[in-house]
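Have the model open while reading.

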Amino acid sequence: MADQSHGDGGIAGHLQYWTLKIDESNPFMQIHLDTMLVSLVVAGLMFGFALWLKGRLVSGAPSGAQNAVESVVGFVDQTVRDNFPVHNPLIAPLAFTVFVFIALINTIDILPAFLLGNVAHLFGVEHFRPVPTNDLNLPAAMAVSVFVLVLYYEFKLKPVHFCKELLMEPFTNLVPGFLKPVVMPINLILKLVEEVAKPLSLSFRLFGNMFAGEVIFLLIAFLLLGGGTVGMAAGFFVGLGWTIFHLFIGLLQAFIFMILTVVYLSIAHQPVEH
């Protein structure tokens, strides 16, 4: 099995991206085309489905797709109401989009491990990663977008308090006046670390869970392909169990990303206490 794995590139070979290298010498000057393509396709399908459903909405008791969408909208709306006490018409649509987008992308991971990669091979693509949340670039981009939005509301709603918090709280207020200029830079550095930790935790939590799930799927797939009759039987049942569990993990990670987005924005909207 090991020889076969190495012959096909092994698990490491299936963890490589379809990459457009702008600068060979700079690893940051690369575009993961598979991540871009799948993300755009999922976003396009969401947009197309919304347009399709818009023309079929009925009043009264909903059914079918409208009923399913209204259930998700109601769940997200109630979650936002419970965690976002002030009014902002952007937050609930943002939370709904984040939750559905991540949940759909994570669900791709339950497809057979090599299916989309083999389809891509038919078109001459050597490597293809079908789940964009397994690529740190997408979770990081979404987390940075949330971070920029949080900073926007912090500076828009309470600019003086936010700057004062960065420079003065908590350490500067605890020392005598002549020591404040010394402690102020330390306070600023620690507050910046605290702020930067938010997008980092958002992105690495989603990426780490989905990446680990993909690696386990690949291990199960190699067990199926190279373990003989016993290995195939064991791999089938283990794979079925892991698929059900991973589907739950994907939905849970989508919910965690959404709820933390709402909570961070809620903190930015909190009124200043005097």
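Helices α7 and α8 are roughly perpendicular to each other, because angles of 65 to 115 degrees count as roughly perpendicular, under 35 as roughly parallel, over 145 as roughly antiparallel and the rest as oblique. Their packing angle is about 115 degrees, and the axes lie 5 Å apart. Axes are lines fitted to C-alpha atoms, for helices over the stretch in contact; angles run from 0 to 180 degrees between N-to-C directions. Helix α8 covers residues 159–168.

From α7, the contact takes in Leu 151, Glu 154, Phe 155, Lys 156 and Leu 157. From α8 come Pro 159, Phe 162 and Cys 163. Contact means heavy atoms within 4.5 Å. By class, these residues split into six nonpolar, no polar and two charged. Ala, Val, Leu, Ile, Met, Phe, Trp, Tyr, Cys and Pro count as nonpolar; Asp, Glu, Lys and Arg count as charged; the others, Gly among them, are polar.

## Model and overall layout

The model is predicted: local features need pLDDT of at least 70, side-chain atom pairs count only at pLDDT 80 or more, and totals for chains, interfaces and linings use all residues. Residues are numbered from 1 along each chain as its sequence is written, and side-chain values use heavy atoms, with hydrogens and water left out.

The chain has 10 helices and two strands. Helices (H or I, at least four residues) and strands (E, at least two) are DSSP runs, numbered from the N terminus. Their order from the N terminus is α-α-β-β-α-α-α-α-α-α-α-α. The C-alpha trace spans about 75 × 60 × 35 Å along its principal axes.

## Two helices against α5

Helix α3 (residues 33–54) packs on helix α5 (residues 91–107) at about 125 degrees, with axes 10 Å apart. That angle makes α3 oblique to α5. Ser 39, Val 42, Ala 43 and Met 46 of α3 touch Thr 97, Val 100, Phe 101, Leu 104 and Ile 105 of α5. This contact has seven nonpolar, two polar and no charged residues.

Helix α4 (residues 64–83) also packs on α5 at about 125 degrees, with axes 9 Å apart. So α4 is oblique to α5. The crossing of α4 past α5 is right-handed. On the α4 side are Val 72, Val 73, Phe 75, Val 76, Asp 77 and Val 80. They meet Ile 91, Ala 92, Ala 95, Phe 96, Phe 99 and Val 100 of α5. The classes here are 11 nonpolar, no polar and one charged.

## The cavity

The structure holds one cavity of 30 Å³ or more. A cavity is a set of points on a 1 Å grid over the protein atoms alone where a 1.4 Å probe fits but cannot get out; lining residues have an atom within 4 Å of a point. The largest cavity contains about 40 Å³ of space. Volume is the space filled by probe spheres set on the points, which are joined across faces, edges and corners.

Which residues line the largest cavity? They are Ala 143, Val 146, Phe 147, Val 150, Lys 198, Pro 199, Leu 202 and Tyr 264. Helices α7 (137–157) and α9 (180–226) each supply at least two of the lining residues. The largest share, four residues, comes from α7. The lining has seven nonpolar, no polar and one charged residues.

Definitions and conventions:
1 Å grid on protein atoms, 1.4 Å probe; cavity = no way out; pocket = protein on both sides within 12 Å on 5 of 7 lines; lining within 4 Å. Left-handed = near helix turned anticlockwise from the far one by under 90°.
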